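Here's a quick briefing to read alongside the model. Have the viewer open as you go.

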Amino acid sequence: MLVGMFQQTAFGGMLQDVVERQAIVFRPEPLDTIVERRCKHAWEQAPCPECCETALQTRDDSPRVWCHNCRYGFTYTRNTPFANSGLTPGELLLVFILYADTLLSINQIAQLFDPCYDTVHTQLREGEAAFERGFPLVWERIQHTVEGPTQIDETGSKCSGYKGQSPPRDGLSRGGSGDPGRSRWEGAPGDKLTLVAACRDVLRVVSAEEGSAYDENLGPVIEEAGDLSQPLGEIWTDELPAYQQMDYEHRTVVHDDEYVSDEGIHTNQVECLWSLIEPWLEKFRGLSKPGLEQSVRTYGFVRSLNLVGAPLHGLIDCFALNVFH
Ligand SMILES: [Zn+2]
């Protein structure tokens, strides 16, 4: 295992050492068990892929799901990111958690598991897409109340295009290379992506919009926050022109002059989110625009599950509920 100087610094040489000495060993089996149970539970409520009747059955001692009506049978991982994976369900879950919930880079995570970088990278991306499909259903089912104003803000640091070409794969392993603090994407030089976030209570919705803060479209992130926390409630933002042109009734705060307005209006929750997401984004040395969008959305949803106190079960159910898609 070749480790560059920068990478060792980023990883922590000591952690690298204890992993190589097998002092830290992952035991994904307990997670395999939970994933299997939750996926089977989801299938029992889903329509049969063959006859569309809700008549699917499972047994504890078999990975098979079968239809009581038409006798059709298949494995419980069907339609989930755990199907056709080089990783076991528990391993994929571990990889996803280390990716979404720590500052370790994908390359650093890949070193902790046997499969090569490509396997881990591809399966993370597929897992991420599945997680985002399942999140709205899981969020709807979690018992909680989302109240108060919706704070909307854009990130101060812009993401810049990566010279109009795909970033070199090799660069992913060099934690110290590139331009720190910026996550690059495959756009023309000078193109800008702006991250926009809506925070309401424990809900975090993050999106990446093309352009700078002054002409970006804030509609999508506001609508999504509204869908996930009906009704939307009051919107608190700063006084950028784009916000003032919104159809939504909202109050504003000028945070250049004051962090909290006389009326108690602020965007502190989003400021706090940026302070967490910006160092997290440094793990990527290059991202496509859809890749960056997917990553920041994942970060927001994972943060929401953490804040609502349903981290692991919420995460597993996001994957399992893909059986309905
Ligand atoms: Zn059937």
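Predicted model: local features only at pLDDT ≥ 70, side-chain atom pairs only at ≥ 80, totals over all residues.

The protein chain has eleven helices and nine strands, and a zinc ion sits with four cysteine donors, C48, C51, C67 and C70.

**Whole chain**
- Of the 325 residues in the protein chain, 49% are buried.
- Take the contacts between residues at least 6 apart in sequence: 66% of them join residues at least 24 apart.
- The protein chain's accessible surface is about 15600 Å², and carbon and sulfur atoms account for 48% of that.

**Zinc site**
- The zinc ion has the SG atoms of C48, C51, C67 and C70 as its protein donors, lying 2.3 Å from it.
- Along the sequence, these donor residues follow the spacing C-x2-C-x15-C-x2-C.
- The site of the zinc ion is tetrahedral, with angles of 107 to 113° among its four donor atoms.
- For reference, the ideal angle for four tetrahedral donors is 109.5 degrees.
- Is C67 buried or exposed? C67 counts as buried because its relative accessible area is 0%, under the 20% cut-off.
- C70 comes out partly exposed, because its 30% relative accessibility falls between the 20% and 50% cut-offs.

**Helix α10**
- Helix α10 covers residues 289-308, and its 20 residues should span 28 Å at 1.5 Å a residue; the end C-alpha atoms are 29 Å apart, so the two agree.
- Buried residues in α10 include G291, L292, V296, Y299, F301, V302 and L305, and also Q294, S295, T298 and S304.
- Just after α10, G309 takes a positive phi of about 80°.

Key
Residues numbered from 1 in each chain as written. Heavy atoms only, no water. Helix = DSSP H or I, 4+ residues; strand = E, 2+ residues; numbered from the N terminus. Expected span 1.5 Å × (residues − 1). Buried < 20%, exposed > 50% of the residue type's maximum accessible area, 1.4 Å probe, protein only. Contact = heavy atoms within 4.5 Å. Areas by Shrake-Rupley, 256 points an atom, 1.4 Å probe, with all protein chains shown as cover. Donors = N, O, S within 2.8 Å, 3.2 Å for Na, K, Ca; no water. Tetrahedral: all angles 85-135°; square planar, octahedral: opposite > 155°, others 65-115°.
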